[in-house]
Amino acid sequence: MLYLGCHLSFSGGFAAMAQTALGLDATTLQFFTRNPRGGSAKTIDPQDAEVLCALQREGKLGPIVAHASYTVNPCSANEATRNFALETMQDDLRRIEFIPGNLYNFHPGSHVGQGTETGIEQIIQTLNAILTPEQHTTVLLETMAGKGSEVGGRFEELRAILDGVTLGDQMGVCLDTCHVFDAGYNIKDDLDGVLAEFDRVVGLSRLRALHLNDSKNPIGSHKDRHEKIGLGSLGVETFARIVNHPALRHLPMVLETPNELDGYAAEIALLRAKAIDGKTGM
Ligand code: FE
Ligand code: FE
Ligand code: ZN
C-alpha cells in the first residue's frame, strides 16, 4: 500500500479532514495540532477522533502525521520560550492519544547562537520531560534545511538527539525531501547514497515518514523553500524513484507543496501513476 497524502487543515475536525483526504485519493494526511504560528488548540471530540481511527482500522488510511506548530522551539536561548515548547508539545501528545498509533513530527529547533551542542542538549531535555512509556504516539524529528541556526540539518545531529533520549523507542525521523536537498544531501543524483548515509548514521529503521516537496533552490542552499512536485530542482523522476524505493515505499508520504486541494489531488495522481504498486498494494 502506498500511503500518499498532503497537509490539510484541522479546522473542521478529524472526520472532515479524513473525508477531504479520501476525496483527494489520499491514504495518509498531515495536520497542524494548533495554529501553525502557535496559540490555543481546539478541544478534541472523542467521537470525531474515532471516525478517523475507524478509517485507519479499515485500511482506508495509513498512519497520519500531527505536525507541531513552527513557534515551538525547544532549544531557544530564552527559557520562557523553551518552557512554552515543552508545555505545548506535552499538551499535543496528550491530545494525540485520542488517535493512538500515529506520528507527531516537530522541527528540532533553532539554537539562536547558543551552539549546536547546547541546542541538542536542550532538545534532549525537553523530550525526556514529555515522553512517557504509556504513550501510543511516535515522536519524529524532522530533517531540516540547516537555515540560520537550525538544528537537524545534519544526520549526525539527529543521531545525537536520539542517543540522548531515554525512551528512544518512542522516537523516529521524518525525512523532508526539500530540506535534505537544501541541507546538501544529493537525493536527486544519488538517492541510494544518501539513504546509505542515513542508515549508517541514524538507521533506516528510525525513518517513519517522508515529506515530499520539490525545492525552489539548488542543493546546499539552506533555504527551505518548497516547490510543486516536478517544478523545482529535484524534478519528477526523483519522486518516482522515492515512491518506488524498497526502503521508502511503505512509509507515509506527505506533500507540503504550495498547492490548494486540486493541486494536491493532481500531485497524488501523478505520484500514484509513477508508483509501480499504485494504490492496490505490492
Ligand atoms: Fe515541518
Ligand atoms: Fe516538512
Ligand atoms: Zn520546509
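Helix α9 (residues 261-274) has 14 residues and should span 20 Å at 1.5 Å a residue, and its end C-alpha atoms are 20 Å apart, which agrees. The expected span of a helix is 1.5 Å times one less than its number of residues. Helices (H or I, at least four residues) and strands (E, at least two) are DSSP runs, numbered from the N terminus. The model is predicted: local features need pLDDT of at least 70, and side-chain atom pairs count only at pLDDT 80 or more, whereas totals for chains, interfaces and linings use all residues. Residues are numbered from 1 along each chain as its sequence is written, ligands are numbered from 1 in the order in which they are written, and side-chain values use heavy atoms, without hydrogens and water.

**Helix α9**
- G263, Y264, E267, I268, L271 and R272 are the buried residues of α9; buried means under 20% relative accessible area, exposed over 50%, and partly exposed in between (1.4 Å probe, protein chains only).
- The cover over these buried residues includes β1 (4-7), β7 (207-212), α8 (236-244) and β10 (253-255).

**Iron site**
- H67 (NE2), H107 (NE2) and E142 (OE) coordinate the iron ion (ligand 1) at 2.1 to 2.2 Å; donors are N, O and S atoms within 2.8 Å of the metal (3.2 Å for Na, K and Ca), and water is not among the atoms, so sites may look incomplete.
- E142 also bridges this ion and the iron ion (ligand 2), the two lying 3.2 Å apart.
- H107, in the loop between β4 (103-106) and α4 (116-130), and E142, in strand β5 (residues 138-142), are 35 residues apart, and both are buried.

**Residue L22**
- L22 lies in helix α1 (residues 14-23) and is partly exposed, with a relative accessible area of 27%.

Definitions and conventions:
Contact means heavy atoms within 4.5 Å.
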